[in-house]
Amino acid sequence: MYDPAFMRRALEISAEALTTPGTEPFGAVVVKDGKIVGEGINRSVMNHDPTSHGETEAIRDAARNLGTVDLRGTALYTSCEPCPLCVAAMLIAGVSELYYAADMAQAGQALGQLPESARFPIDVDHMLAQCGLPAPARSMVSAQHSAQDATDILERWAAKVGEPGA
C-alpha cells in the first residue's frame, strides 16, 4: 500500500543530486514490512557505470542489507518512472510493488534540452522497443556463439547446486 513518507524520502534522495557531483536526480528506496531497507541515487557518472541508476542502487543496497537477492514482498518508491533496465532489475529481484513520481514524458521534457556534454542522451522509445525483441532482431549486432559450451556449464552448475547439502 502506498505511503507518501517513502515517496518523500525518494524525492529527498533525488534532490541530493543538486549538491552532489557525479549524481543525477533519480532517487529510490526499497521498503519491506513498513521500513526502508535500501536507498539509492543515480551514480552513473560518479561510478563510471551506466547501470548505476537510483533504482538499481536501491535494489543492491536492499539485497546487501537483507542478505538475499530475493526481494519479493518489497515495494520500490522512485522519483521517476523507471527505465527498462530498472524494471528488469525489479523483476529479477522480485520487487512486488512500484510507486513513481515523474513519468518518462515529464522527465524527458525536463531533461530533453540538456546538451550531450551534460547528460548522455537516452532514446527511451527506442530502448522500450528493443527490450521486448529477441536478441537477433535488436538493432545492435547480435550473434550466438558457443551455445553448447555455455549450456554444458549451466547444466553442470545446476546439477551441483541441486545436489542434496549443496
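**Close-up views of a predicted model**

Figure 1. The model is predicted, with pLDDT of at least 70 required for local features and 80 or more for side-chain atom pairs, while totals for chains, interfaces and linings use all residues. Residues are numbered from 1 along each chain as its sequence is written, and side-chain values use heavy atoms, without hydrogens and water. Ser146 belongs to the loop that links helix H6 (124–131) with helix H7 (147–161); helices (H or I, at least four residues) and strands (E, at least two) are DSSP runs, numbered from the N terminus. The phi of Ser146 is positive, near 55 degrees, although the residue is not a glycine. Most residues other than glycine have a negative phi.

**Figure 2. Asp33 sits in the loop between strand E1 (24–32) and strand E2 (35–42).** Asp33 is another residue that is not a glycine and has a positive phi, here of about 50 degrees. Is Asp33 buried or exposed? Asp33 is exposed, and its relative accessible area is 70%.

**Figure 3. Ser44 lies in helix H2, which covers residues 44–47.** Ser44 has a relative accessible area of 16% and therefore counts as buried. Which residues does Ser44 contact, leaving aside its neighbours within four places in sequence? They are Gly22, Asp49, Pro50, Ser52 and His53, where contact means heavy atoms within 4.5 Å.

**Figure 4. Helix H3 (residues 54–66) packs with helix H4 (residues 84–93) at an angle of about 20 degrees.** The two helices therefore run roughly parallel (an angle under 35 degrees). The axes of H3 and H4 are 8 Å apart; axes are lines fitted to C-alpha atoms over the stretch in contact, and angles between N-to-C directions run from 0 to 180 degrees. From H3, the residues Glu55, Thr56 and Ile59 take part, and they meet Leu85, Cys86, Ala89, Met90 and Ala93 of H4.

**Figure 5. The protein chain as a whole contains seven helices and four strands.** In sequence order, the pattern of the protein chain is α-β-β-α-α-β-α-β-α-α-α. The C-alpha atoms of the protein chain fill a box of roughly 50 × 40 × 30 Å along the principal axes. The protein chain has 166 residues, of which 31% count as buried. Among contacts in the protein chain between residues at least 6 apart in sequence, 44% join residues at least 24 apart.

Conventions. Parallel < 35°, antiparallel > 145°, perpendicular 65-115°, else oblique. Buried < 20%, exposed > 50% of the residue type's maximum accessible area, 1.4 Å probe, protein only.
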